[in-house]
Amino acid sequence: MKKINFDLILIAAVIILSIFGVVMIYSSSSVWAEYKFGDSFKYLKSQSLFLIVGIVLMIIVSKYNYKQYKKHANIILGVCFILLILVIIPGIGTVRNGSRSWFGIGPFGIQPSEFMKLALIIFTAKYLEKNNKYIGDIKKGVFPILGITLISFALIMLQPDFGTGTILVMTIICMLFVSGVKMGFFMKIGIVGLIGVVILIVIAPYRLQRILSFVNPWVDPLGAGFQIIQSLYAIGPGGLLGMGLGNSIQKHFYLPEPQTDFIFSIISEELGFLGIVIVSGLFLTIIYRGIKIALNSEDLFGKYLAFGMIFQLSFQAILNLMVVVGLIPVTGVTLPFLSYGGSSLLITMVSMGILLNISRCQK
């Protein structure tokens, strides 16, 4: 393995965005944390701990040859499948915000679906490299990996967690696209997916309620439409420079738990258009560097692995931002690097570590 310097631009963007996220988590959560726990620094301390661990993991992983993941891809995926099955069993998994998606460990929680996203990307990268010559044959080359993806999606939906499941499926589909699968196949998949979404909405009335509240939040302003309305109330007054760091109005019990899914609303309210530009610029820098690393990768496994991690990060960020500004219904998806959550941050930092290692192996 030929070693060169790390991608310093990628490292800088990741660390700056993560530290900025910790600052905004404190700013957005201090009032709620003081009321709920009697400690305004509760979320700040937890996320700071996760960030330190995450940075350490990123550094360690960045020095571990990414090609080794190919050898253990099946085991990693198998363990994540077991975790996804265990978490939906009452008494083992814990329920948060209506979803049995967590293993409770003291005051912390582990979300196995976050681990599955990375595990499936690693397995798919290995599969696409090994079966590259069959990728033009839909039945022999594409259906097997799609079948594994849909099983993963089904297990995640049993929690239920539609947002995470959607990100997982879209990531794998995009990996198939860059591997050379014909465009006509994706059109057919899109139609099937649309039918599937309709079915999922019909069998779960709360999803239909979210759709209706998205179309017109004022139909139920104190119920299903509440978060969207309060989010827009936060974004609207931000203006060019915002109301000032720490001066959010919506965090005073108007926007529920603003440190998680809707943290971008608080960023917009406190830091205005300038804050939006800074966050967007950092995300675009990470995505650009990730795509560059993928394109320059010397082997197919590294190329697909890098593309998969950048696709996953991009979809999650875009999905969250679309929810916050009211372009799509609420999905419960967090904003990478910025939203409060240990599992999400740690897996994201590990992904960045893998990207950095792939960049080290390039000429």
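**Model and confidence**

Residues are numbered from 1 along each chain as its sequence is written, and side-chain values use heavy atoms, without hydrogens and water.

Confidence is lowest in helix α9 (residues 205-215), with a mean of 67, and highest in helix α11 (residues 263-296), at 95. Where pLDDT is low, the predicted coordinates should not be read in detail.

**Overall fold**

The chain comprises 13 helices and three strands, taken as DSSP runs (helices H or I, at least four residues; strands E, at least two) numbered from the N terminus. Its radius of gyration, 20 Å, is close to the 21 Å that the globule rule gives for 363 residues, so the chain is as compact as a globular protein of that length. The radius is taken over C-alpha atoms, and the rule is 2.2 Å times the number of residues to the power 0.38.

Of the 363 residues, 51% count as buried, meaning under 20% relative accessible area with a 1.4 Å probe, protein chains only.

**Packing of α5 and α12**

Helix α5 (residues 112-130) packs against helix α12 (residues 300-324) at about 145°, with the axes 8 Å apart. Axes are lines fitted to C-alpha atoms over the stretch in contact, and angles run from 0 to 180 degrees between N-to-C directions.

Contacts (heavy atoms within 4.5 Å) involve residues including Leu118, Ile121 and Ile122 in α5, and Phe301, Tyr304 and Leu305 in α12.

Notes:
This is a predicted model: local features need pLDDT of at least 70, side-chain atom pairs count only at pLDDT 80 or more; totals for chains, interfaces and linings use all residues. pLDDT is the predictor's confidence in each residue, from 0 to 100. Buried means under 20% relative accessible area, exposed over 50%, partly exposed in between (1.4 Å probe, protein chains only).
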